[in-house]
Amino acid sequence: MILCKNMNKGKTKVLWELLESRLLQYPDSTISDEINYMTYLEIVREVDRISKSISSGQSGTVIGILCNSEFNTAIALMSLLKAKKTAVLLSSRYGENHCRKIIDFIKPSCIITDCPDNSILVNYDLSIYLVNQCRYLKLEQYPAHDMPKDLAAIMCTSGTTGTPKGAMITESNLVNNLLDIEQYFNIKQADSILIARPLYHAAVMTGEFLISILKGVDIRFYNGEFNPVRVIEVMQKYAITVFCATPTLIYHISRIVLRFSNPLPIRVIAVSGECMTGIVAELTRKAFPSAAIYSVYGLTEASPRVSYLPPELFDDHPLSIGYPLQSVSAKIVDDDGNTLAPYKDGELIVAAPSVMLGYYQNAVATSQAIRNGWLHTGDIAYMDDDGLIYIKSRKDAMVIRAGMNIYPQEIENVLKIESGITDALVYGLKDEIVGQKIMLKLVVNNPAISKQEVYEICRQKLPSYQIPDSVEFVNYLEKNGSGKLVRPKYVGAN
Amino acid sequence: MEKEEKINGIISKLSFAGKSPLPDDELSSDLGFDSLSMVELLIVIEESLNILIEVSDLDPARLTTVQDLYDLMQKYE
């Protein structure tokens, strides 16, 4: 089955012009966190000041953003859009190694930060720009990277080998995705959104932050580790009406909300990042009986939004990711590229003006992902008679836990070089709450090695989101004729 | 004492580290709990001990060590 819409009819409006027009249209709307507070009008002035200041130094064209505060990340991002630089969003929330890998791979010429003492930055000979002081702390002269002119951002995702993949997202990609989201996402100036995840994720940058500006919504950032009790406190204190999260986070929020006698004033919820399960859908509805719940789907490579489930269908089709957006075409194909009939499982592929240019300096991965103009999502899905899409599993070994994409090979490669460990297998196990749990099987040549020691290794060598949920010691791991690991078949949510 | 043993059993079961917890063990760095799994831990303890934990006590930021957890549970008989 194929759903073909306005293929290749992309809009080419400049992103900053679009954002600035909306910021000025809603001058009294606000962006804030626990320290900062600015109206949209003040934001326009601040972005103008910072973009001019950044451009005054020849600090190159590809600039990383590493801030402790998401408010400052947002200001830095908008300033780079205005200054026509390419932003590389970083987040220290997933560990220093994770950040360093991205810096080593993309090699930005400058980092914008609000924390110059950050240990990640110490070993790099880069320009450092202090966003909250509007000045360079250190300025190295850099020639401009040779980049496409409207390249807004390089959004990094995990890769199987441990080297990140950098999706090159243009201004036009983002504008098209935003205008599509704007058509269905019913949020308005009177709303207040709580953004509790880092802008490092495309789903948060586009699907929460930028779209909120387009609609004039008050934006409140929550910094730090996700703590459901604190998040709910902020929701209550600031009368939050819009909240977006993964099913895992919504599950934890919902369980606590159900303990209150008065419901929270949440009017709109958007859920994305992993497969919804029946248990989480039911609990979410119980905790937020009158909220419009959007189940949405996307991937970084599509800037990211691809489909959405209209909220009036959520209770009847809670496991569906809905219909493609206005300018997205989607089809389900078999391994030979043949379009499949309704209810037949195959790979979901999409074509849209929001699909990335390609992966930064990785032509091989780009040619595997985008073929004949179609982005291959790697998700196995089917469509029903009405065109509603359902995700069933992954084509590759990737595991999605609590909304984070995890490649087993990346973890296995880290563990296999540790002394005492001879072989490792990581796989996902279906879980009704977090989507999948990460299971680890180890073959060791030192019988004295304990789970506690394995945990210590994981804690030191892996970012927190990659630490397995459990470990099992085994005598051998099954391999096929060519010596490759036989991976357990992933079972999806449906 | 019986309550602490029950709590220890639950921690061992839910913790990746898989070890018997000591009172001074830190829930995050020694036992591998993050803020979400700490809430999960509290709710499993709640069900196991047949108590109702107040929402403010479900805040994982208030807990550092296993002893903190024992102390918190003293409140609920």
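Trainee: Which element gives the largest share of the lining of the largest cavity?

Mentor: That's α6(A), with three residues. Keep in mind that we're looking at a predicted model here.

Trainee: Let's turn to sheets. In what order do the strands of the open sheet with β26, β27 and β28 of chain A come?

Mentor: Start with the general rule: strands of a sheet pair through backbone hydrogen bonds, either parallel or antiparallel. Here three strands of chain A form an open sheet in the order β26-β27-β28, and the pairing is mixed. β26 (421-431) and β28 (470-473) of chain A each have a single partner strand, so they stand at the edges with one side left without a neighbour in the sheet. On average, neighbouring strands of this sheet are turned by 25° against each other, direction ignored.

Trainee: How many bridges join β26(A) to β27 of chain A, and do they run parallel or antiparallel?

Mentor: There are 10 bridges between β26(A) and β27 (residues 435-444) of chain A, and the two run antiparallel. To find your place in the pair, look for A:V426, which stands opposite A:L440 in β27(A).

Trainee: Which strands of this sheet does helix α12 of chain A touch?

Mentor: Helix α12 (residues 451-461) of chain A packs on the sheet and touches β26, β27 and β28 of chain A. The direction of α12 makes about 130° with that of β28(A). There's also helix α11 (residues 408-416) of chain A, which lies across β26 and β27 of chain A and runs at about 150° to β26(A).

Trainee: And between the chains, what area is buried between chain B and chain A?

Mentor: About 1,900 Å², with carbon and sulfur atoms giving 60% of it. In chain B, the residues that lose the most area to chain A are B:F16, B:L36 and B:V55, together 39% of what that side buries. The contact takes 25 residues from chain A and 22 residues from chain B.

Notes
Residues numbered from 1 in each chain as written. Chains lettered and ligands numbered in written order. Predicted model: local features only at pLDDT ≥ 70, side-chain atom pairs only at ≥ 80, totals over all residues. Heavy atoms only, no water. Helix = DSSP H or I, 4+ residues; strand = E, 2+ residues; numbered from the N terminus. Pairing = 2+ DSSP bridges. Axes fitted to C-alpha atoms, helices over the stretch in contact; angles between N-to-C directions. Contact = heavy atoms within 4.5 Å. Buried area = accessible area lost by both parts, 1.4 Å probe.
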